[in-house]
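Please keep the model open while reading them.

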Amino acid sequence: TDGALRGGLLLRHRFAGQHAGQIHAVVARHQHNNQQYNAALPARQTEAAAPAADVNAGEGEQTTCTIIINYVFADGKQAANPWTATVAKGSSYVQTITSPTVVGYSPDQATIEVNVTDIQQDTDYTVTYKPAEVNFTVMHYQQNVGNDNYTLKETETKTGYTESPVGDSLKKSYEGFTALLYDTTTKIAADGSTEVEIYYDRNYYLLTLDLDGGYGADPVYARYGAPISVADPQKAGYKFDSWSPAIPGTMPAENRTCTAKWTPENAVKFTVVFWYENADDEKYSYAGSVTDEAAPGTSVASGDYQSRTFEGRDAQHFTYNGEKAETVAVEGDGSTVLNVYFTRNTYTLTFRELTCNSYKPWHSHSDSCYTVRATINAKYNQKISDEFSKAPFTTTYNGRAWKCTDTSKYNYALQTLDRMP
């Protein structure tokens with residue numbers, strides 16, 4: 001005889017030769033993922049027969065027990081619908097339950113082994129789901145050369161744990177590019193649908209041009225990879241040969257300097273200027289000049305022209321000044337000037353008195369017969385008139401005249417001189 005039991009469906013089977021009220025088999029109601037499964041479990045499949053039950057049990061008496069498996073996340077929230085089974089109290093129940101699949105998560109127990117005998121109360125199990133490693137996509141976009149738009153360079157598949165942030169280690173290193181900021185807190189979706197876009201701007205670099213005295217070519221400041229076009233420079237007296245190193249076709253990923261190389265054309269003129277030291281100060285004044293020729297780029301030195309004659313050249317009273325020597329490179333435009341400096345020679349006037357007492361006819365006066373009374377040292381043609389206003393010219397020898405030993409200079413007696421001879 002079948003009988004209804006509150007709270008669930010209980011099927012009582014009575015076999016011939018058995019006493020009424022004994023339960024030899026139970027029917028359990030199962031619920032898993034919103035599906036119900038009914039399965040008859042014969043008493044012979046259990047380890048022990050169900051105990052006798054009173055058919056006329058009171059209405060408040062519990063005659064069934066519930067077995068439940070809860071599927072939750074680590075924070076306690078439900079991950080999947082629970083699995084349940086309702087069985088007769090005092091019966092046995094054995095079954096292996098496979099944990100359901102939850103996308104992006106892994107259960108801490110792949111299966112639950114339900115094995116109860118003589119069940120007397122409700123029983124529950126808990127399966128906890130933790131984030132699993134899942135895929136997500138990273139797309140790298142590089143800025144275009146000719147505009148501010150971006151083009152996809154490459155796509156990568158990365159892995160991370162469900163609901164964890166993508167992090168700050170996704171950007172790549174590309175020559176000539178700088179990665180822009182992206183949202184590092186983006187959570188990784190369980191279904192692998194997460195996409196992260198990273199953009200890279202092109203760097204700007206400077207191509208400097210060393211024209212080596214030329215003109216007509218400008219430096220280039222442009223994005224990495226931008227095409228480069230540079231005009232050939234010009235330089236007077238030279239023909240442009242090449243750049244060293246060669247101008248790149250596109251902007252490299254670095255600042256770079258290229259130097260112009262020149263080939264001299266025909267010889268060009270340059271000027272040699274001669275300078276004499278002034279008589280009354282340490283400065284120099286223009287003495288004369290000559291014009292010479294040399295190939296552009298040739299080095300010329302002032303020492304090469306120390307003996308060069310020019311109009312106004314005075315080799316007797318001036319000496320080449322090596323301390324002011326210079327070397328210059330001849331420019332192709334004829335503007336080169338080479339300076340050559342000469343110092344004034346210094347001379348000494350010696351004033352002496354005959355102090356020898358011998359007047360014998362055969363005696364000839366020598367330097368030892370004279371006593372030096374004064375000397376004047378000065379540069380050639382330097383003003384010395386003020387020296388004759390000092391002793392002994394204004395004291396012992398006031399009004400006296402002096403005879404020059406070199407009659408080719410002065411053939412008469414002198415009381416004063418304006419300039420050093």
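1. Asn 144 sits in the loop between β9 (133-143) and β10 (150-161). This is a predicted model, and the points below should be read with that in mind. Is Asn 144 buried or exposed? Its relative accessibility is 18%, so Asn 144 counts as buried, the limit for that label being under 20%.

2. What does the side chain of Asn 144 make a polar contact with? The partner is the side chain of Asn 147, at 2.9 Å. Leaving out residues up to four places away in sequence, Asn 144 touches Asn 149, Tyr 150, Thr 151, Arg 202 and Arg 223.

3. Thr 101 is another loop residue, placed between β5 (93-98) and β6 (105-107). Thr 101 has a relative accessible area of 78% and is therefore exposed, since that label requires over 50%. Between Thr 101 and Ala 80 there are 8.6 Å in space, C-alpha to C-alpha, and the two are 21 residues apart in sequence.

4. Thr 208 belongs to strand β13 (residues 204-210). With 31% relative accessibility, Thr 208 counts as partly exposed. Which residues is Thr 208 in contact with, leaving aside its neighbours within four places in sequence? They are Pro 219, Arg 256, Thr 257 and Cys 258. For Arg 256, the C-alpha to C-alpha distance from Thr 208 is 6.1 Å, although the two are 48 residues apart in sequence.

5. Strand β13 also holds Tyr 204. At 43% relative accessibility, Tyr 204 counts as partly exposed. Together with Leu 206 and Tyr 221, Tyr 204 makes a nonpolar surface patch of about 330 Å².

6. The next points concern charged side chains. Side chains of opposite charge can pair when their charged atoms come close. How many salt bridges does the count come to? The count is eleven, taking a side-chain nitrogen of Lys or Arg within 4 Å of a carboxyl oxygen of Asp or Glu as the rule.

7. Arg 256 counts as partly exposed because its relative accessibility is 25%. Glu 254 is given the label partly exposed too, at 38%.

8. Lys 379 and Glu 277 form another salt bridge, with 3.4 Å from N to O. This pair links distant parts of the chain: Lys 379 is in strand β24 (residues 370-379) and Glu 277 is in strand β17 (residues 268-277), 102 residues apart. Are Lys 379 and Glu 277 buried or exposed? Lys 379 has a relative accessible area of 10%, so it is buried. Glu 277 has a relative accessible area of 7%, so it is buried as well.

9. A salt bridge also joins the side chains of Arg 308 and Asp 292, at 3.8 Å from N to O. Where do the two residues lie? Arg 308 is in the loop between β19 (299-301) and β20 (318-320), while Asp 292 is in strand β18 (residues 284-294). The two are 16 residues apart, and the pair links distant parts of the chain. Arg 308 counts as partly exposed at 30% relative accessibility, and Asp 292 counts as partly exposed at 22%.

Definitions and conventions: Residues are numbered from 1 along each chain as its sequence is written. This is a predicted model: local features need pLDDT of at least 70, side-chain atom pairs count only at pLDDT 80 or more; totals for chains, interfaces and linings use all residues. Side-chain values use heavy atoms; hydrogens and water are left out. Buried means under 20% relative accessible area, exposed over 50%, partly exposed in between (1.4 Å probe, protein chains only). Helices (H or I, at least four residues) and strands (E, at least two) are DSSP runs, numbered from the N terminus. Contact means heavy atoms within 4.5 Å. Patches are made of residues with over 30% relative accessible area and no salt bridge: like charges are joined within 9 Å, nonpolar side chains (Val, Leu, Ile, Met, Phe, Trp, Tyr) within 5 Å. Accessible areas come from the Shrake-Rupley method with a 1.4 Å probe; for residues, only the protein chains shown count as cover. A polar contact is a pair of N or O atoms within 3.5 Å; within protein, one must be able to donate a hydrogen and the other to accept it, and residues adjacent in sequence count only if both atoms are side-chain atoms.
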